[in-house]
Amino acid sequence: MMVPIRCFTCGKVIGSDYVEYEKRVGMGEDAQKVLDSLGIERYCCRRMFISHADLIKDIAPLG
């Protein structure tokens with residue numbers, strides 16, 4: 001899991017919320033409601049969560 005620590009656009013720290021977001025969305029909660037409850041309100045920060053693709057297994061095959 002290589003989620004960015006800060007939003008690329010505004011610089012807000014968002015990395016600490018990604019684990020909770022992934023867990024709750026994986027359990028079937030609506031992504032919009034999860035982001036609202038975590039306090040991720042700016043659309044630039046929301047983009048960081050919604051568009052994240054976990055590629056670490058493809059990039060580091062020896063891991």
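## A salt bridge between Glu 29 and Arg 24

Glu 29 forms a salt bridge with Arg 24, and their closest N and O atoms are 3.1 Å apart. A salt bridge here is a side-chain nitrogen of Lys or Arg within 4 Å of a carboxyl oxygen of Asp or Glu. Side chains of opposite charge can pair when their charged atoms come close. Arg 24 counts as buried because its relative accessibility is 17%, whereas Glu 29, at 35%, is partly exposed. Buried means under 20% relative accessible area, exposed over 50%, and partly exposed in between (1.4 Å probe, protein chains only).

This is a predicted model, in which local features need pLDDT of at least 70 and side-chain atom pairs count only at pLDDT 80 or more, while totals for chains, interfaces and linings use all residues. Residues are numbered from 1 along each chain as its sequence is written, and side-chain values use heavy atoms, with hydrogens and water left out.

## The other salt bridges

A search of the whole structure finds three salt bridges. In one of them, Lys 23 pairs with Glu 20, with the closest N and O atoms 3.9 Å apart. Both residues lie in helix H1, three residues apart, or about one turn of the helix. Helices (H or I, at least four residues) and strands (E, at least two) are DSSP runs, numbered from the N terminus. An α-helix has 3.6 residues a turn, so residues three or four places apart point the same way. Lys 23 is partly exposed, at 48% relative accessibility, and Glu 20 is partly exposed at 31%.

Asp 36 forms a salt bridge with Arg 46, the closest N and O atoms being 2.1 Å apart. This pair links distant parts of the chain, since Asp 36 belongs to helix H2 and Arg 46 to helix H3, ten residues apart. Asp 36 is partly exposed at 39%, while Arg 46 is buried at 17%.

Helix H3 spans residues 43–50, and its buried residues include Cys 44, Arg 46 and Phe 49. The buried residues of H3 pack against helix H1 (18–26) and helix H2 (31–38).

The largest nonpolar core has twelve residues, among them Val 3, Tyr 21, Leu 35 and Phe 49. Such a core is a set of buried Ala, Val, Leu, Ile, Met, Phe, Trp, Tyr and Cys residues joined through side-chain atoms within 4.5 Å. H1, H2 and H3 each supply at least two residues of this core, and its largest share, four residues, comes from H3.

Notes: Contact means heavy atoms within 4.5 Å.
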